[in-house]
Amino acid sequence: MTSHWILGPGAIGRLLAHSLAPQANVTLIGRRPLPGQQTLTTPEGEMREHLLNTLTVDQLVSALPDTAAFVHITTKAIAAEAALGSIADVILPSTPLVLWQNGFLAQPRITQAWPGPVLCATTTEGAYLTGDTGVAHAGRGATFVGDLNHQHSGLSQALAETLTQAGLATTAVSNIRARLWQKLAVNAAINPLVALHGVRNGELSNAAYAGRVQTVVKEVAAVMQAEGIQPPTEGQGDAAWLALVWQVVANTANNKASMLQDVEALRPTERGAILRPLIESAQRHGLPCGVLQALDADLATLENRYLAASR
């Protein structure tokens, strides 16, 4: 059986582990110990239990599990490079990495630095943690995988087939950069607002929040046009991007977005990976970005408040 190491036992990491466990050797790696008995709640409400191989980074060195065919890095974007550095000495430099980060921050840096293949994955699967032993698969979505330098199409196809067989509908693509920017656009319209207001994704369609979503999408759509990124569905401009956002909101209505999970856990958010690339692009192209800057500032204020209180 193929061996998959998953570095980062957050929501997507555990969803990936549960999905792959029936057909692959899975090792779930984190900074602190986790119970091996883990539970997945499906979108239909079914409870599935798996005994997963869970290790800390320190234990990994002494345990020496099977050589990884793939190392999936599912940490937050701000932690991805440090996480890779923590296990770099125990994996072959030719080992394929799969980056599952939001935004467009870690992917180009790791692609340039790692000597082996680096694949990037972007997904609209919805998931959130329900404690140390549980993860809820809140909504089914689509996953795309590819590499930024168009050098590993065969590897991408093989991984896509594996993930699809595991129940995560996945397509290998040659335009993963565009897909990452498309996901960035959706994240920017959803994550900051649900984090600031403490609501689940589906609530954004309510009158109290829908107008704010539209103002965010207006700025994001202009950035996408300047970057040459088209919406993944038919249509052009603000309307097409807004339709995409509402589609994801509906598909993941019961999901707690990752940024809301961070706020509830009093952790730093991924605002730098999600909002900063858009703001910097807008500034390069001379586009207005006041709404995005205000979101970034509001999130920074919120983070600073609870991080200071927790010290």
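Is His150 buried or exposed? His150 counts as exposed, at 58% relative accessibility.

## Basis

This is a predicted model, where local features need pLDDT of at least 70, side-chain atom pairs count only at pLDDT 80 or more, and totals for chains, interfaces and linings use all residues. Residues are numbered from 1 along each chain as its sequence is written, and side-chain values use heavy atoms, with hydrogens and water left out.

Buried means under 20% relative accessible area, exposed over 50%, and partly exposed in between, with a 1.4 Å probe and protein chains only. Helices (H or I, at least four residues) and strands (E, at least two) are DSSP runs, numbered from the N terminus.

## Positive phi in two loops

Most residues other than glycine have a negative phi. His150 is not a glycine, yet its phi is positive, about 55 degrees. His150 sits in the loop between β11 (143–146) and α5 (153–165).

Leu266 also has a positive phi, near 60 degrees, and is a residue other than glycine. Its loop runs between α9 (258–264) and α10 (271–284). Leu266 is partly exposed, with a relative accessible area of 43%.

## Ser3 in strand β1

Ser3 belongs to strand β1, residues 3–7. Its relative accessible area is 6%, so Ser3 is buried.

Which residues is Ser3 in contact with, leaving aside neighbours within four places in sequence? They are Asn25, Asp66, Thr67, Ala68, Ala69 and Phe70. Contact means heavy atoms within 4.5 Å. Ser3 and Ala106 are 24 Å apart in space, C-alpha to C-alpha, and 103 residues apart in sequence.
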